[in-house]
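Me: Could you go through the charged pairs with me, and then a helix packing? I'd like the cut-offs stated as we go.

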Amino acid sequence: MEVRENSEVQTSTSQWIQFIAVVFGAFVAIEAMAFQAPVIAVISTHFEVPAHLAGIMILSFYIASASLYPITGRFADQYGRKRVLLIGLAIFTISEFAAAISPTFSFLLVCKVFQGVGVAAIFPVVIAYIGVLFHPDQRGMASGLFNSIQAVAAMLGAGLAGFLVSIYGWPIIYWVSGALALAGFFVVLFFVKESKGVVQGSFDYLGVVLVFITTGCLLSVSTLVGQFGISSPYTLGALFMGFLSAFLLWKTGNKKPNPIMELSLLKKRTFALVGLIYLLYVAAMQLLIFSMSFFLNLRPNGDVTEAGLFFLFNSAAAAVGGLIVGRLADKVNPKKLLICTFMIPTASLFLISRVESETSISHILMLAAFFGIGSAISILFKYALNVIPAEKYGAGSAILSFIRDFGAPLGSVTGIVLFTSFSESSKQASLASQASAAGVNPDLMGAVQQAGSSGGQIIDSALANELQMLGIQFEDLMATALGEAATTAIQNMSFVVAGIFIVLIILSSLVPQVKSSKQPAVIDVSQEELA
């Protein structure tokens, strides 16, 4: 490999063309993931499987992608980043077309696993190319553009999925994403130049096994908690095996010159802090989005359309915010910018804490945009890429992708659990308060609680007679309780998420300052490219 230096910091047209080409590959993958989210219920109905089993589709994808990020990132550095990206797009294309013709649910699950394999070969390479193609003083802008395109892809994918499926059926989402991936393959093939790092040492086979065990166990915890409970031996066993394998991965990786996961980067203060901030940030975003989705569906007269609009406005604002923040990251003090950026969603969360079940959807959508505009991912990528050695861009970017796919399920599952807990306790308190105020016999309060737990489907005969004598419909009590429960839950969740953002602001203040580089940009290319 040779190194070619640009005499100026200016980014050439060729570099921009390559960047747009690789980002198109990421756009395809994100849109495909967003496509499937609204149609999980439709697919489970088609194959006649329980809803909780349909969720395995998501889990199988995340386990495959997160487990393989370190491997594909290492392969990209060693054998060629363009080559790995093309292989990922090819696998992704085939898996999407195969999913469209799935004869059984089991076949579809296999397709989802291979979809995760394809995505694992796409994301780390795209992030790596930001470091390959751009000067350190331009990576904020490039990361912001990448972040905005991700937001647009998620927004379009979620928005189009319901419309397309209602007309053509669920297979259409896989036909469309497969066609886009095929187009992305040829775009990368013709417009992107090969790039390699310098990797020495034998392949870390033990590390591969430990990565799979760590990822599989820890990402399965959320499903095990929902199925068996947090104190179940299955859940505790998965946690133990996950943390044990993670510990062994750290110990063995530090002794190898070429570990499968470049955990040595975590010894760098900047990278370790950025990784922790990124994890908490992704989790906090998912906490709010899933909590708001439940709130908008459960409040009186709420429905899935409102939840979709919240996601749409949040993603659109994140796309705009990503561009603005990314551009500013190359112009102003990035540390101060990171702190100021986190203050935007923090302020919006205190406004969300005043939302009630009767709050208009237009007001909530304005808050969704306010929350989304404070997108900080571009600054985090800039920080991380500036401390990753050029020959390890793929391996370092794989860790960032790995962190994201841990933060997303961590936030979504925690959000569901906390929101449900807040909602249920508030609902029962409201029912007891209403029943007491209406004159229901105190001896029947236990029956009121039981009726509330069943959603009003099972009502004790003594309680039913009491309510009839008082001229009260339990449905009316339940409707009021659900409204109050939704309000209490979303207000409590907003404070929880705000607390995380306050922690993020504190952590951001500890990140070392990025020094502006006046050195010329360095673009690495392979020997075959120079031939």
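Me: Is D77 buried or exposed?

Reply: D77 counts as buried, at 0% relative accessibility (buried is under 20% relative accessible area, exposed over 50%, partly exposed in between, with a 1.4 Å probe and protein chains only). Bear in mind that this is a predicted model, in which local features need pLDDT of at least 70 and side-chain atom pairs count only at pLDDT 80 or more, while totals for chains, interfaces and linings use all residues. Residues are numbered from 1 along each chain as its sequence is written, and side-chain values use heavy atoms, with hydrogens and water left out.

Me: Ok, which side chain does D77 meet in a salt bridge?

Reply: That of R81, with N to O at 2.9 Å (a salt bridge is a side-chain nitrogen of Lys or Arg within 4 Å of a carboxyl oxygen of Asp or Glu). R81 is buried as well, its relative accessible area being 0%.

Me: How many salt bridges does a search of the whole structure find?

Reply: The search finds 3. One of them joins D330 to K382, whose closest N and O atoms are 2.9 Å apart. D330 sits in the loop between α13 (304–329) and α14 (334–352), whereas K382 belongs to helix α16 (residues 377–387), so the pair ties together parts that are 52 residues apart in sequence. Helices here are DSSP runs of H or I with at least four residues, numbered from the N terminus. D330 is buried at 17% relative accessible area, and K382 is buried at 3%.

Me: And where do E424 and K427 lie?

Reply: Both are in helix α17 (residues 393–438), 3 residues apart, which is about one turn of the helix. E424 is partly exposed at 31% relative accessibility, but K427 is buried at 8%.

Me: Switching to packing: at roughly what angle do the axes of α5 and α6 cross?

Reply: The axes of α5 (residues 81–100) and α6 (residues 105–120) cross at roughly 160° and come within 8 Å, which makes α5 roughly antiparallel to α6 (that term applies to angles over 145 degrees). Axes are lines fitted to C-alpha atoms, for helices over the stretch in contact, and angles run from 0 to 180 degrees between N-to-C directions.

Me: Which residues make the contact?

Reply: Among them are G88, I91 and F92 of α5, and F107, L108 and C111 of α6, where contact means heavy atoms within 4.5 Å. The residues of this contact divide into 10 nonpolar, 4 polar and 1 charged.

Technical notes:
Helices (H or I, at least four residues) and strands (E, at least two) are DSSP runs, numbered from the N terminus. Angles under 35 degrees count as roughly parallel, over 145 as roughly antiparallel, 65 to 115 as roughly perpendicular and the rest as oblique. Ala, Val, Leu, Ile, Met, Phe, Trp, Tyr, Cys and Pro count as nonpolar, Asp, Glu, Lys and Arg as charged, and the others, Gly among them, as polar.
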